[in-house]
Amino acid sequence: MDTATPLAVMLESAVRQVGQIVLGKEREIRLALACVLARGHLLIEDLPGMGKTTLAHALAQTLGLQFHRIQFTADLLPADILGVSVFDRERSQFVFHPGPIFAHLILADEVNRATPKAQSALLEAMEEHQVTTEGETRPLPAPFFVIATQNPTQQVGTFPLPESQLDRFLMRIALGYPDAQAERMLLAGEDRREMIAHMQPLLDPASLLAAQHKVSEVFIAEALLDYVQALIARSRGGKFGAGLSPRAGLALVHASRAWAFLAGRSQVLPEDVQAVLPAVAGHRLRGPAGEADAEALAQALLASVAIP
Amino acid sequence: MASRGFFPPLPAGHWLFAGIVLVLAPHALHLPPWLSALAFAMIAWRWAAAAGRLPLPGKWILLLLLAGSAAGILLQYRTLFGRDAGVAMLTLMLALKLLEMRSYRDALLTVFLGYFLVITHFFYTQDIPLAVYLFAVVLVLSSALVALNHPASARHWRRPLKLSALMLAQAVPVMLLLFVLFPRLGGPLWGMPSDAFSAKSGLSETISPGSISELVQSDAVAFRAQFEDTPPAASSLYWRALVLENFDGRSWGRQRGRQEAQPALETAGKPIAYTLTIEPHDKPWIFALEVPDPQALPPDTFLTRNLQLLANKPMQRLTRLNLSAYLDHRVAADAVPSQLKHALQLPEQGNPQARELALRLRSEAGSDAEVVARALALFREQGYSYTLTPPLLGKNSIDEFLFATRSGFCEHYASAFTFLMRAAGVPARIVAGYQGGEFNPAGGYFIVRQSDAHAWSEVWLEGRGWVRVDPTAAVSASRIQNGIASALSAGEPLPFLLRTNMAWLKQLRQQWDAVSTYWDLWVLGFNQEQQIGLFARLGFGIVSWRELVWGLAIGLGVALGLIAAFTLWPGRRAAPDKVQALYLRFCGKLEKAGLARLPSEGPLDFAQRIRVLRPELADDADALVRRYIALRYGAHATAEMQRLFAAQVRRFRA
């Protein structure tokens, strides 16, 4: 294959460094990183206490990104996310106080607890990479990356993200329980929070932007686009209730590029598509009866399409 | 010393040997046998040494061989210089160098010596087959050079050949440009060694019984003639070369000294324009049709009083001349009585019977013209025969021919007739040249060969001037009308091809002659004149050498740019369908071995599975899959990669 670029080497060591904090979850860490590189946003859906926050924090620390955490609650207002203008008496004018959204990496914890109004404030910022309050538009820092978490159970009194909102996330992953060995190490090891505090950033926003640019240059052959289209076409009929949108197709391509780049390659292979497809398409697919076992659906889709 | 010396690693060594043998082989045709044998024995020695069967010769043996070779050449040629001795020397040197090859540098030097020897072949001939052969030799030598310089690429013996063929092919446009555009000088750039012309056949300066009949047995081309309009009839194609006026009793010679004078010439009608392309014959005479237009002589030629057209220098290279001739003419010699007197000169003694016959003719005839007619009637009626193999003649050759043997070739008839005329008091002379020629429809020109050599007479008649009389025509009219092959009986020693009735063979020969004539004219004979003419015809007007140099620079720039663009351009892409078909073939081979690829299994996953299930195949499969990925999913899939991939798939065994 190709010789890995220095950036890819750095990213590889970033994966390893985060892997020392979040044990036994290399694949998920890679997906999260690929998501950043593809300029997308990540939704982690899992039970509490599975390390969602730790992952986000460790990632931010390793990538050298400014990190803000927003805990979504039922009474969260858009201004709590975006910021407010307060009248400054000395200067006799309104001064904007930026909200927590003005950071490189945002952890939006338990987004389904907030009202749709607050959710849409976040989602609009994710989509536009800018914030408009009181008639003024302010750009968000670049890179800008949101990790939102959602608790799948205890849906009473929550506002689960509708499908249209889910589509805004490039990937949705679940962390799941660690395996026995990883759990043992976690139990025996030192405090994760302290470890994160002592982590060395391996990248900085500028090199991450450069990496994002490199990812967009990863080559996609005609044969591979054929494969992507075959996958999309299969998802739109037969066994599947809701097919993949064109946006989903684009997401698949971007994510595959990022995955290939992380593997140190300059071209996308069918394996890259297969690796990212469950995360990219899982929250967009529906079975014939409307059920949504993401992983099973994605694997069924992959198995049913021959690589052209 | 039992050293094996330096022998290049194998493909290079084989190429080197092949190149040396091939470059030396044609020289065996003209080198003395002992010399060829010695050279090839030395090569064989080197070969045996490389195989470890013989030790290489030590320094003293080498010195001995060198001294022996030089002495042998000196004995053979009496010199170490000149064409033949020089080539002999180079041949032995190359063989000796092979025996003395002790380092990588020596091997390179041997190749370059081989290149040099390629050129020496052109001292002997420059025809198309040789040129093609030498191209092949250069290809082989270049392959040796490639293999020597880049051993890594030479794992297979064919690789260096491919590479050198590619390089030479890329050099072809450059070669053509240089050939067409390189400014030619007025004269030759270099001269041939003087001994290069020794063996040219052609008319000699004297004619004696047997001299022409010997020449006629050669089918070598003397010259070619192309008429601008309809060619005249074959019976009037008398190509004059020499006028022979001095008779010593046996042979006829030409008048010495440069008799440049305006002949008293009356012409009628329009001149016939034609072009002669004369093969080098190392003599100054030009085979002009009767009678050349004195006003339109080619440069560097002159006309003598007796109408010989001569060049200022012997013709040592292919010469192309534009001429025009008046077939209808009258040459008077009235103004020069000394010339007429010369045309009556005979030796004091000899051939008494012929003299007697001449006097009888004289007394019976009323006029000179009647003497001529009676003499011709004599030839016609008294059982004379036309043959290439007449009996040998003694001292009184004319008497013996006229009264005893009665069979002879054109020189016998011309000689006897001229003798009779002179003895009868009619001024007469012999003209030697060629008669007729074979029309080549493929090229639209006449080929005149040595076999068309002919001799005839000219007599001076009061009021008519010099008149051509061909006594051979009286004996064998078909010689003049249909050519020599039809005039001689089947047993005569004529060249085979002149006789053949096989139309296709004749046609093939004529087409080949047309091709090689173009080669002679446009490749070998591409001189300053041709170059300027070519550009004038292309509409560039008269080009100067500066314009040619500019054209050359621009042309070379464009050609090299195009070659570079073509070779460096990644544009020639692989065919995706073909690549996939090859990959499926690879998968099919594995499937037969019980390792089927799943439809949705990517190449990397498949390679990984092969590594687990069939570790012994993993390395080949990995390399193959890597190339497949580059071809199918990479950005720079070239046709060359596809070719390599195809070879990998072909070789793969599961």
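Predicted model: local features only at pLDDT ≥ 70, side-chain atom pairs only at ≥ 80, totals over all residues.
Trainee: Let's start with chain A. How many helices and strands are there in it?

Mentor: Chain A has 308 residues, and 52% of them are buried. Among its contacts between residues at least 6 apart in sequence, 78% join residues at least 24 apart. As for the elements, the count in chain A is 13 helices and nine strands.

Trainee: Now the interface. How much area is buried between chain B and chain A?

Mentor: On the contact side, 15 residues of chain B touch 18 residues of chain A. In chain B, B:Ser600, B:Leu604 and B:Tyr633 lose the most area to chain A, together 44% of what that side buries. Carbon and sulfur atoms give 63% of the area buried between the two chains, which is about 1300 Å².

Trainee: Which element gives the most residues to the side of chain B that touches chain A?

Mentor: Two elements give two or more residues to that side: helix H22 (603–613) and helix H23 (618–633) of chain B. By class, the side has seven nonpolar, four polar and four charged residues. With five residues, the element that gives the most is H23(B).

Trainee: How many salt bridges are there between chain B and chain A?

Mentor: Across this interface, five residue pairs are in polar contact. Over all chains, the whole structure has 32 salt bridges. Between chain B and chain A, though, the count is zero.

Trainee: Then let's look inside chain B. How many residues apart are B:Asp513 and B:Arg224?

Mentor: In general, side chains of opposite charge can pair when their charged atoms come close. B:Asp513 and B:Arg224 meet in a salt bridge, at 2.6 Å from N to O, and both residues are buried. B:Asp513 is in helix H18 (residues 503–524) of chain B and B:Arg224 is in strand S1 (residues 221–227) of chain B; the separation is 289 residues.

Trainee: Why does B:Glu458 count as buried, and what is its relative accessibility?

Mentor: B:Glu458 forms a salt bridge with B:Arg240, the closest N and O atoms being 2.3 Å apart. B:Glu458 lies in strand S16 of chain B and B:Arg240 in strand S2 (residues 238–247) of chain B, so this pair ties together parts that are 218 residues apart in sequence. B:Arg240 is buried, with a relative accessible area of 3%. Buried means under 20%, and B:Glu458 counts as buried because its relative accessibility is 3%.

Trainee: B:Arg611 and B:Asp622 also meet in a salt bridge. What is the relative accessible area of B:Asp622?

Mentor: That salt bridge is 2.5 Å from N to O. B:Arg611 lies in helix H22 of chain B and B:Asp622 in helix H23 of chain B, so the pair ties together parts that are eleven residues apart in sequence. B:Arg611 is partly exposed at 35%, whereas B:Asp622 is buried, with a relative accessible area of 18%.

Trainee: One last residue. How far apart in space are B:Lys313 and B:Lys283?

Mentor: B:Lys313 sits in the loop between strand S8 (309–311) and strand S9 (319–325) of chain B, and at 64% relative accessibility it counts as exposed. B:Lys313 and B:Lys283 are 30 residues apart in sequence, and their C-alpha to C-alpha distance is 7.7 Å.

Definitions and conventions
Residues numbered from 1 in each chain as written. Chains lettered and ligands numbered in written order. Heavy atoms only, no water. Contact = heavy atoms within 4.5 Å. Buried area = accessible area lost by both parts, 1.4 Å probe. Salt bridge = Lys/Arg side-chain N within 4 Å of Asp/Glu carboxyl O. Polar contact = N/O pair within 3.5 Å; in protein donor to acceptor, adjacent residues only side chain to side chain. Helix = DSSP H or I, 4+ residues; strand = E, 2+ residues; numbered from the N terminus. Nonpolar A, V, L, I, M, F, W, Y, C, P; charged D, E, K, R; others polar. Buried < 20%, exposed > 50% of the residue type's maximum accessible area, 1.4 Å probe, protein only.
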